[in-house]
Amino acid sequence: MNTTLNWILLLVTVAVMVGLAVYSNKIMKSDEGEGGFLLAANCLGPFTGAATIVATGFSGWGFMGSPGVAYKYGAIELLGNFFFAPAMVLAVIFCARFLHQKAQAMGSLTIPEYIAKNHQGPDSVKRLTQAVAALITIVLLLVFLIGQVKALGLLAGQWLGISPTMASLIMVGIIILYTSIGGLAAVAFTDTVMVIGMCVSAAIIAMTVFTDISPSELVDALHTIDPSLVEPDNSGPYGASTWHVFLVLPYAFIYATTLPYMSVRFMALAKNTKLHLMAAYMTPMACLLSLVPLAGLYVRVKVPGLENADNAMPVFLTTFLTPTTSAVITLFILFAMKSTANSVLHAIAGSVSHDLRQAIWPKCRMSETQLLIFNRLAVWGLGLVGFVGMLYAPPFMLSMLAILGSGTLMATLVAPMMLSRFIEGNIYAALFSMLIGFGSGSVLFLMFDMGWVEAPIYATVISSFSYVVIAKVYAAQTDAQFWVSNN
């Protein structure tokens, strides 16, 4: 394989990413506090906001994991993947403005801090809640990050002609470099460039498939291989019945509104950003990216004997595209993976450098320069932890690893993030609902034979119920104490 062009493409894009990071660093410095690094100095407009949300939502799992799922389980993955588009648009329309305004009013820079400040209770319990939210975020997003690093190594190693381990190290180093320079602003601006390449990739993938074989011929060929690939009697990895795939829609909606690496973008929007424009930009991009699983279905027809389903996309790139087109598309797919990896890395670095610092050392008097250095060191340290974790991670399907991390975190944060908008809770309800969500999500996913989105959805219901019960019991006790004290 001639990899010279690939290395040139990589070096050019690294220069572009670093240049954007340096530019974003100037914007970041317009904010006197940590908000510059953690919230991009609230500079995200409608297009940049839309691009970074879509790029982060459709990432390594979308370009590597999802075609693998389609190869193994069939057309059900097309429907499951498509639900992310309307879910993210609805999240922007109905939740972005509220979260942005509430976070601005309270001065919150991260999701754990938002949860702590948004609930009434003793300061010590608030710090404990912020620390618990941060620790759970770090653990679960590291799981997710490990999956992203693994996906980067698998694809970049083949693309560059080096080992997957060395490729993972190079990719992680690039991500660490520009994320540590410009914080969330660098992440968002590079995502904007990346999503354009991602959309071009999705269009070329669809054109390649349907130029060779019509949709009806594709369906017929899949039916010949295995009727269940097009006429499933279950939802494949999503559940035991055909309707379980529809759980992806609420899952994706909650995913976009609660996960720190997604919802922090709502907090980082500029005050004058128009949400209907964001939604208008997001819709065509997200719908186009929903077509990527076609590559997995096409490879299932053309190369039916793959041992590892996650190799469906690499096989598609090397077998059915010209070398130059394959090189460019692979670069764009690496963009997709990096767009989520950098977001996840930024989120967990913020949990370490901001949330744990506030919880453990509330009287910290570090200067803004020292805080910025601490933020950047957290990015470097956690990026290396993600790489080392990848080296020792057991084999999993990439999409499964992503949902284990993000789905369990979703169940952990959903009640204090979303229910608190409608129910007057307290810091105890927030703390215990997070612990219950984390515990039930982990147990249901790892110990029960459930669909990938079933466990997070059921754990979300359990944690939400516990939040309501604890909030009501606490309110009743408070009312009783007030009545006794006045009689």
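Biologist: Let me begin with one residue of this predicted model: does aspartate 191 count as buried or exposed?
Modeller: Aspartate 191 counts as buried, because its relative accessibility is 0% and anything under 20% falls in the buried class.

Biologist: And which residue forms a salt bridge with aspartate 191?
Modeller: Here is the general idea. Side chains of opposite charge can pair when their charged atoms come close. In this model, the partner of aspartate 191 is arginine 265, with the closest N and O atoms 3.3 Å apart. Aspartate 191 belongs to helix α9 (residues 164–212) and arginine 265 to helix α12, so this pair ties together parts that lie 74 residues apart in sequence. Arginine 265 counts as buried too, with a relative accessibility of 1%.

Biologist: How many salt bridges does the count come to?
Modeller: The count comes to three. Another one joins lysine 302 and aspartate 212, whose closest N and O atoms are 3.1 Å apart. This pair also links distant parts of the chain: lysine 302 sits in helix α14 (residues 294–302) and aspartate 212 in helix α9, 90 residues apart. Lysine 302 counts as partly exposed at 39% relative accessibility, and aspartate 212 is partly exposed at 43%.

Biologist: Where do lysine 117 and glutamate 113 lie, and how are they separated?
Modeller: Lysine 117 and glutamate 113 are both in helix α7, and because they are four residues apart, about one helical turn separates them. Their side chains meet in a salt bridge, 3.3 Å from N to O.

Biologist: Let us turn to rings. How many aromatic pairs does a search of the whole structure find?
Modeller: To read such a pair, keep two quantities in mind. A pair of aromatic rings is described by the distance of the centres and the angle of the planes. The search of this whole structure finds 14 aromatic pairs. In one of them, the rings of phenylalanine 144 and tyrosine 261 have centres 5.5 Å apart and planes at 55°, so we call the pair tilted. It links distant parts of the chain, with phenylalanine 144 in helix α8 (residues 123–160) and tyrosine 261 in helix α12, 117 residues apart. Both phenylalanine 144 and tyrosine 261 are buried.

Biologist: At what angle are the ring planes of tyrosine 255 and tyrosine 261?
Modeller: Their planes are at 85° and their centres 6.1 Å apart, so that pair is edge-to-face. Tyrosine 255 is buried, as is tyrosine 261.

Biologist: Which residues form an aromatic cluster with Tyr261?
Modeller: One aromatic cluster is made of Phe58, Phe84, Phe144, Tyr251, Tyr255 and Tyr261.

Biologist: Now the backbone. What is the phi of alanine 41?
Modeller: Phi of alanine 41 is near 55°, which is a positive value in a residue other than glycine. You will find alanine 41 in the loop between α2 (35–38) and α3 (46–57). Asparagine 42 lies in the loop between α2 and α3 as well, and its phi, near 50°, is again a positive value in a residue other than glycine. Alanine 41 counts as buried at 18% relative accessibility, while asparagine 42 is partly exposed at 22%.

Biologist: How many cavities of 30 Å³ or more are there?
Modeller: First the general idea. Rolling a probe the size of a water molecule over the atoms shows where empty space is left. Here the count comes to four cavities of 30 Å³ or more.

Key. Residues numbered from 1 in each chain as written. Predicted model: local features only at pLDDT ≥ 70, side-chain atom pairs only at ≥ 80, totals over all residues. Heavy atoms only, no water. 1 Å grid on protein atoms, 1.4 Å probe; cavity = no way out; pocket = protein on both sides within 12 Å on 5 of 7 lines; lining within 4 Å. Points joined across faces, edges and corners; volume = space filled by probe spheres on them. Phe/Tyr/Trp six-rings, centres within 6.5 Å; stacked < 30°, edge-to-face > 60°. Helix = DSSP H or I, 4+ residues; strand = E, 2+ residues; numbered from the N terminus. Buried < 20%, exposed > 50% of the residue type's maximum accessible area, 1.4 Å probe, protein only. Salt bridge = Lys/Arg side-chain N within 4 Å of Asp/Glu carboxyl O.
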